[in-house]
Amino acid sequence: MENNQPIISVDHVSMRFNLSKEKHESLKEYFLALAKGRLQFDEFYALKDVSLQVMPGDFYGLIGLNGSGKSTLLKIISGVYKSSAGSCRVNGTIAPLIELGAGFDMDLTARENIYLNGTVLGFTPKYIDSKFDEIVEFSELREFLDVPLKNYSSGMVARIAFAIATITKPDILIADEILSVGDFLFQKKCEARMQHLMSGGTTVLLVSHSIEQIERMCNKVAWIEKGRVKMDGPAAEVCAAYKQTTK
């Protein structure tokens, strides 16, 4: 892929969800209503006519209030959701860190989950063997390797997830608030690894409620508001405009 071509191209994407108007106390009630044609839905657009381009090597931030559509957009880019309208083209491999605990079995130990999650991300057991010590060293959780993940804090789960996803140099790293649950020192360690990945050619797409972090790390930013792109461009300009509305 040439560097003058977008690595991510989102073209007039909309995402519609059907929300049930009625509350059903059980799955049986829901399916009975469905069978009788009594289900009624409201349409809800999480995203509406969103377009943006991410270039190779960008550290691209997404900002906006909760419920603005940022996570939905990341899931469309990652292939978790198929958009209701428009198109999304991705040219490269993705390491997604979208939902904390996704790809893990909380009843298994951290040791077992390293292999499980690594396999979900497309790594072979042999490759995970070769990188196992590196994953554990980065996560700083060696003494807890044989503890079930259900006994981990959210910050500890984030450590394992980040260490596995970034053990290779993906074309695109997608991180949705993954750093917000870790302690300060580990956040700095993750930021350093993301900068290292970028120096090797990885494009990073980051969602964070920390405008300071976005300003510090990103070169470009898109501000999403009520499912639409309100503004996108250089990080300093977009963050300055965003902060004016949140004073």
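This is a predicted model: local features need pLDDT of at least 70, side-chain atom pairs count only at pLDDT 80 or more; totals for chains, interfaces and linings use all residues.

Trainee: What makes up the secondary structure of the chain?

Mentor: The chain has eight helices and nine strands. Helices (H or I, at least four residues) and strands (E, at least two) are DSSP runs, numbered from the N terminus.

Trainee: Why is Cys239 called buried?

Mentor: Buried means under 20% relative accessible area, exposed means over 50%, and partly exposed lies in between, with a 1.4 Å probe and protein chains only. Cys239 has a relative accessible area of 0%, so Cys239 is buried. Cys88, at 25%, is therefore partly exposed. Of the 247 residues of the chain, 44% count as buried.

Trainee: How do you know that Cys239 is in no disulfide?

Mentor: A disulfide is a pair of cysteine sulfur atoms within 2.5 Å. The nearest cysteine sulfur to that of Cys239 belongs to Cys218 and is 7.3 Å away, so Cys239 is in no disulfide. By this rule the count is zero disulfides.

Trainee: Why is Thr109 called buried, and where is its place?

Mentor: Thr109 has a relative accessible area of 14%, so Thr109 counts as buried. Its place is in the loop between β5 and α3. Leaving out residues up to four places away in sequence, Thr109 touches Leu145, Asp146, Val147, Pro148 and Leu149, where contact means heavy atoms within 4.5 Å.

Trainee: What makes β8 and β9 a pair of strands?

Mentor: Two strands pair if DSSP finds at least two bridges between them. Six bridges join β8 (residues 220-225) to β9 (residues 228-234), so these antiparallel strands pair. Trp223 has Met231 in β9 as its bridge partner. The two strands form a hairpin with two residues between them, and Lys226 in the turn has a positive phi of about 50°.

Trainee: What is meant by the largest nonpolar core, and which residues have the most contacts inside it?

Mentor: A nonpolar core is a set of buried Ala, Val, Leu, Ile, Met, Phe, Trp, Tyr and Cys residues joined through side-chain atoms within 4.5 Å. The largest has 45 residues, and those with the most contacts inside it are Phe59, Ile63, Ile114, Tyr152, Ile160 and Val221. Helix α5 (residues 154-165) gives the largest share of this core, eight residues. Apart from this core lies another, of 22 residues, among them Ile7, Leu62, Leu74 and Ile76.

Trainee: How do you know that helix α2 is mostly covered?

Mentor: Seven of the nine residues of α2 (residues 70-78) are buried. Those buried residues are Lys70, Thr72, Leu73, Leu74, Lys75, Ile76 and Ile77. Just after α2, Gly79 takes a positive phi of about 90°.

Notes:
Residues are numbered from 1 along each chain as its sequence is written. Side-chain values use heavy atoms; hydrogens and water are left out.
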